[in-house]
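Please read the points alongside the sequence and the model.

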Amino acid sequence: MTDIATYNFAYLDEQTKRMIRRAILKGIAIPGYQVPFASREMPMPYGWGTGGVQVTASIIGPDDVLKVIDQGADDTTNAVSIRAFFRKVANVAVTTDTATATIIQTRHRIPEHPLSAGQVLVYQVPIPEPLRFLEPRETETRKMHALEEYGLMHVKLYEDIAKHGRIATTYAYPVKVEGRYVMDPSPTPKFDNPKMHRSPALQLFGAGREKRIYAVPPFTDVVSLDFEDHPFEVQTFDQPCALCAAENVYLDEVILDDHGGHMFVCSDTDHCEKRRADGHRGHLAPESHLAPGKMEPAQ
Amino acid sequence: MTDEPLLRVSGLSKFYGSRIGCENVTFDLWPGEVLAVVGESGSGKTTLLNCLSTRLLPSSGTASYRMRDGQFRELYRMSEAERRFLMRTDWGFVHQNPADGLRMTVSAGANVGERLMAVGDRHYGKIRATAVDWLSRVEIDEDRIDDEPRAFSGGMRQRLQIARNLVTGPRLVFMDEPTGGLDVSVQARLLDLLRGLVTDLGLAAIVVTHDLAVARLLSQRMMVMKDGRVVESGLTDRVLDDPRAPYTQLLVSSILQV
């Protein structure tokens, strides 16, 4: 880390960080409201978490411990790159352990381990506007938010039931925050929606391309929209994790061979590894604590 | 009918720069009454309709509407939130082109149900039952409920637009050339349907049309507009059978006889 001086701390200049912090504070003051901000070019393409990275860069300090996950995993390209980025430009400690992290930047998952007060969860958001696919005009959607006209959101859910017999939306499932703003929780599976409700952690959302920041302060009501006769429900899995035998967690399907072999494993790799270290064994777990095949444990 | 009007319009004018949209329009509309506004294109009919429905703000003049609690409210002094709420509950607006008034990419059932969901209905089964009921009232087969309006003919789209507007039981409906662009047999059935609905529901309506036959069939009273001003108004039969203003005489005599 000799080249730390090449960058300002955490890459962004101080004026930019102040601007983003102001947007974050406004977002916290108005839970669920999308605050426009002057999103910067980042050394990564849009869609790879430029919004989340800017939020993280603005709130991170030298004493923070950063965890980055991508679809629940600590060891995928996006997560590894962003973690390496902050180790380089901010020289902060990084971890894969949910409990010891102070800032967790995430793409599309909320960790299985319950978050605690003082932790900050930073979401990477591709499309912050939950009404976008129903109403293409930004002027109109902003007016709808301002006047609390959210009938259209239920039109989407109605269409789901009419076409599929149930609410078929499984990710980016719209929520109402503190009884006021309808918010897109980013493309997390709806399995994670209940974890947002009255979470003790601060939740920040950054959309770099769309130039919006929004926030859910700790202990805020987050209610998933539904119908009285078609209540909100999360995905269920009919088998436990094949490696750690965890139940009531979100599972990923992993293809094992060309003959239809597959297994369901925890999408949260940290959670899965901890359970296996504690001696939990799924029906496909090898004798050692390594995953099957030639995979090495995540660093 | 009650002894108070539903809508009071006084001295309503709309200027586009120095051009006149409509000027000094004054009338009262009573509950259950259908008022036709006729005139050639460019005479200010649609400007007037847009001002009355608060889609446009007039340059001067007032319009007050009697709310369900019996109190008159000045339309142009209401907040935008109140006006939009009025638009989707107590009012309806039927566009000439159904694509302007429908959501073309969601199903017919959702189009009808949208207003119900907008006022807080959260029971799928009830919303759907209401949608089925309204589709049958506008003569659309129940098995088309999950089809998108894109798959509908022009006449069906127009009937769907009417159902979508009437589902919240409005008291006042604005219609801009509701039969424009439809062939005559479809027009006839639509008019028949509209007349039935207006009578059954006791709707008040303001219908803008250039088609005097539509005015004759639907309305009890009519206003004739020319160059943004009202040149004649009165009972529909009187105006059409005994036109007094020279322009109205010209208009009535211009009807093609088949």
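1. In chain B, six strands form an open sheet with mixed pairing, in the order S6-S7-S8-S3-S9-S10. Strands here are DSSP E runs of at least two residues, and helices are H or I runs of at least four, both numbered from the N terminus; two strands pair if DSSP finds at least two bridges between them. The edges of this sheet are S6 (91–94) and S10 (229–235) of chain B, each of which pairs on one side only.

2. The model is predicted: local features need pLDDT of at least 70, side-chain atom pairs count only at pLDDT 80 or more, and totals for chains, interfaces and linings use all residues. Residues are numbered from 1 along each chain as its sequence is written, chains are lettered from A and ligands numbered from 1 in the order written, and side-chain values use heavy atoms, leaving out hydrogens and water.

3. Within the chain B sheet, S3 (residues 34–38) and S9 (residues 221–226) run parallel and are joined by four bridges. Val37(B) has Met223(B) of S9(B) as its bridge partner.

4. Chain A contains an open sheet of seven strands, ordered S1-S9-S8-S5-S4-S2-S3, again with mixed pairing. Its edge strands, S1 (35–36) and S3 (93–94) of chain A, each pair on one side only.

5. In chain A, S2 (residues 65–70) pairs with S4 (residues 103–107) in the parallel sense over five bridges. Lys67(A) stands opposite Ile104(A) in S4(A).
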